[in-house]
Amino acid sequence: METVLLTAPYMLPFVERFRPVFDHYGIQLIVPDVQERMEEADLLKYAGQFDGAICGDDRYTPTVLEACSPRLKVISKWGTGVDSIHAETCSRLNIQLRRTPNAFTTPVADTVMGYMLAFARRQPWMSAQMKAGIWEKIPGKALSEMTLGIIGVGAIGKALTRRARAFGMQVYGADIIDVDHVFIGETGIKMISLDQLLSESDFISVNCDLNPTSQHLLNAKTLAQAKPGAIVINTARGPIIHEEALVAALQSGHLGGAALDVFEHEPLPHTSPLMTMDNVLLAPHNANSSPAAWERVHWNTIKNLLEGLGLDSSDLNKFRNS
């Protein structure tokens with residue numbers, strides 16, 4: 001019998017729903033109490049006890065992976081980003097690392113559009129004033145009067161480009177990987193340097209992966225290059241932005257605002273200055289919110305786990321359709 005450590009927060013509320021699937025495949029589950037993620041010390045308590053893992057943003061560091069080897073065969077990540085899992089160590093120890101690419105492209109792209117509309121049309125601020133008894137018309141802009149800079153033109157960046165272009169926006173893109181010329185021709189996105197993107201964009205949307213090249217990509221130096229009054233939107237990973245530098249740029253008035261779904265430390269500490277800023281919109285790492293998308297990821301994550309354990313996943317459909 002194989003044993004699996006299940007710690008993915010989005011699957012934990014439904015573990016009893018999926019238990020018959022694991023029973024069918026002779027898989028015993030270890031289901032710890034998880035709030036946001038398992039840290040290194042939390043995972044080390046279970047080292048050597050499981051053959052596979054279904055995880056969220058748990059800290060599978062080299063230390064954890066070494067301790068779990070050689071029993072651990074596969075880590076099936078619920079979702080797309082695997083920056084919290086040390087891929088090089090997985091490869092060295094022959095631990096398969098599987099995920100669901102492009103899992104949340106649509107809801108995340110919609111989230112960014114929602115933030116841009118909120119800042120352009122000023123609805124959250126007008127609503128707050130109305131509820132405070134203030135009748136005041138706050139000036140807004142049409143999105144077609146504004147420019148969007150997308151850092152990381154992958155699946156989400158491309159989906160966002162198409163949405164923004166439909167609103168008549170000029171879209172700029174910056175990426176370390178060449179973007180397909182057919183997509184560029186189709187959408188009219190203008191690929192430019194990061195420096196130029198920062199200086200010319202009214203909205204700066206972070207949509208790249210977190211890796212050594214993007215850690216603190218937006219810092220005191222790069223944020224100083226941003227167009228005065230620009231709005232920074234981050235639905236990717238918190239550490240791509242140096243939070244202290246972002247706070248300083250907001251406090252100085254150089255940036256016009258920010259919309260943040262992710263943070264350097266999650267949950268965001270209550271003492272963070274971001275909590276009290278009127279020009280900042282916050283969300284609890286929830287841009288992926290879509291029950292339909294979650295459902296697809298649930299089943300694909302289980303499929304990835306089974307295949308990583310060398311089991312035939314063809315029986316999954318009868319459970320999925322039941």
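The axes of helix α1 (residues 15-24) and helix α12 (residues 291-308) come within 12 Å and cross at roughly 25°. Because angles under 35 degrees count as roughly parallel, α1 is roughly parallel to α12. The crossing is right-handed, meaning that the near helix is turned clockwise from the far one by less than a right angle. Helices are DSSP runs (H or I, at least four residues), numbered from the N terminus. Axes are lines fitted to C-alpha atoms over the stretch in contact, with angles from 0 to 180 degrees between N-to-C directions.

The model is predicted: local features need pLDDT of at least 70, side-chain atom pairs count only at pLDDT 80 or more, and totals for chains, interfaces and linings use all residues. Residues are numbered from 1 along each chain as its sequence is written, and side-chain values use heavy atoms, without hydrogens or water.

From α1, Arg17, Phe18, Val21 and Phe22 meet Glu295, His298, Trp299, Ile302 and Leu305 of α12. Contact here is heavy atoms within 4.5 Å. The contact of α1 with α12 has six nonpolar, one polar and two charged residues. Nonpolar covers Ala, Val, Leu, Ile, Met, Phe, Trp, Tyr, Cys and Pro; charged covers Asp, Glu, Lys and Arg; the others, Gly among them, are polar.

One cavity of 30 Å³ or more was counted. On a 1 Å grid over the protein atoms alone, a cavity is a set of points where a 1.4 Å probe fits but cannot get out; lining residues have an atom within 4 Å of a point. Grid points are joined across faces, edges and corners, and a volume is the space filled by probe spheres set on the points. The largest cavity holds about 30 Å³. Its lining comprises Asn234, Gly238, Ile241, Glu243, Leu246, Leu260, Val262 and Phe263.

Notes:
On a 1 Å grid over the protein atoms alone, a cavity is a set of points where a 1.4 Å probe fits but cannot get out, and a pocket is an open set with protein on both sides within 12 Å along at least five of seven lines; lining residues have an atom within 4 Å of a point. Helices (H or I, at least four residues) and strands (E, at least two) are DSSP runs, numbered from the N terminus. Angles under 35 degrees count as roughly parallel, over 145 as roughly antiparallel, 65 to 115 as roughly perpendicular and the rest as oblique.
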